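Colleague: I am new to this one. Could you walk me through it, one feature at a time?

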Amino acid sequence: MMTFELNRRQVILAGAAMLLAQPSLAQQVHTVEMLNKDPDDKKRRMIFRPLVQVLEAGDTVRFASVDKGHNTESLKGMLPEGAEKWKSKLSKDFDLTLTVPGFYGYKCTPHTAMGMTGLLIVKGEGMMNNYEAVRGVKHKSRMQKVWDQIWAQVEADGLLNT
Ligand SMILES: [Cu+2]
């Protein structure tokens, strides 16, 4: 009898622990498409869409291999301190969970010269710590044009407000 009660109690405690662990289910998955052409502007080729994706710490970004031949690779000097670099396989979906707030610049390895690049912003405490450093990174021709667009969008959308 006593043993039964204890077991029952343990089951209830285990259930409560599962409920407490549930906030992980609230973590969102945000998609960034890897595309040969922008459906909204056919002149724009080899793009990540959206160009700027905002996440909360602990969220996942899914790079979706909608068109083949692309990947995602973090850019040197464009990650928050303590964040890990990444490089995905060509033509494969890639899930990336980010826990360190800040600015993350990335590119598509084979299309760097064509300016295939993008920005992830992870909201949270310390988000602005690497903003100046990332903003100060200089790129080559096509890449720089896209980064000019990225920063213009960041400012227009008020994404610097934590
Ligand atoms: Cu590409």
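Modeller: Gladly; let us begin at the metal. With angles of 91 to 132 degrees among its four donor atoms, the copper ion has a tetrahedral site. Four donors count as tetrahedral if all angles lie between 85 and 135 degrees. This is a predicted model, where local features need pLDDT of at least 70 and side-chain atom pairs pLDDT 80 or more, while totals for chains, interfaces and linings use all residues. Residues are numbered from 1 along each chain as its sequence is written, and side-chain values use heavy atoms, without hydrogens and water.

Colleague: Which residues are the protein donors of the copper ion?

Modeller: Donors are N, O and S atoms within 2.8 Å of the metal (3.2 Å for Na, K and Ca); water is not among the atoms, so sites may look incomplete. Here they are His-70 (ND1), Cys-108 (SG), His-111 (ND1) and Met-116 (SD), 2.0 to 2.5 Å from the copper ion. Their spacing in sequence is H-x37-C-x2-H-x4-M.

Colleague: Is Cys-108 buried or exposed?

Modeller: Buried means under 20% relative accessible area, exposed over 50%, and partly exposed in between (1.4 Å probe, protein chains only). Cys-108 has a relative accessible area of 0%, so this residue is buried. Met-116 is buried too, at 0%. Across the protein chain, 39% of the 162 residues are buried.

Colleague: How many helices and strands does the protein chain have?

Modeller: Both are DSSP runs numbered from the N terminus: helices are H or I, at least four residues, and strands E, at least two. This protein chain has three helices and eight strands, in the order α-β-β-β-β-β-β-β-β-α-α.

Technical notes:
Four donors count as tetrahedral if all angles lie between 85 and 135 degrees; four count as square planar and six as octahedral if opposite donors are over 155 degrees apart and all others between 65 and 115; anything else is irregular.
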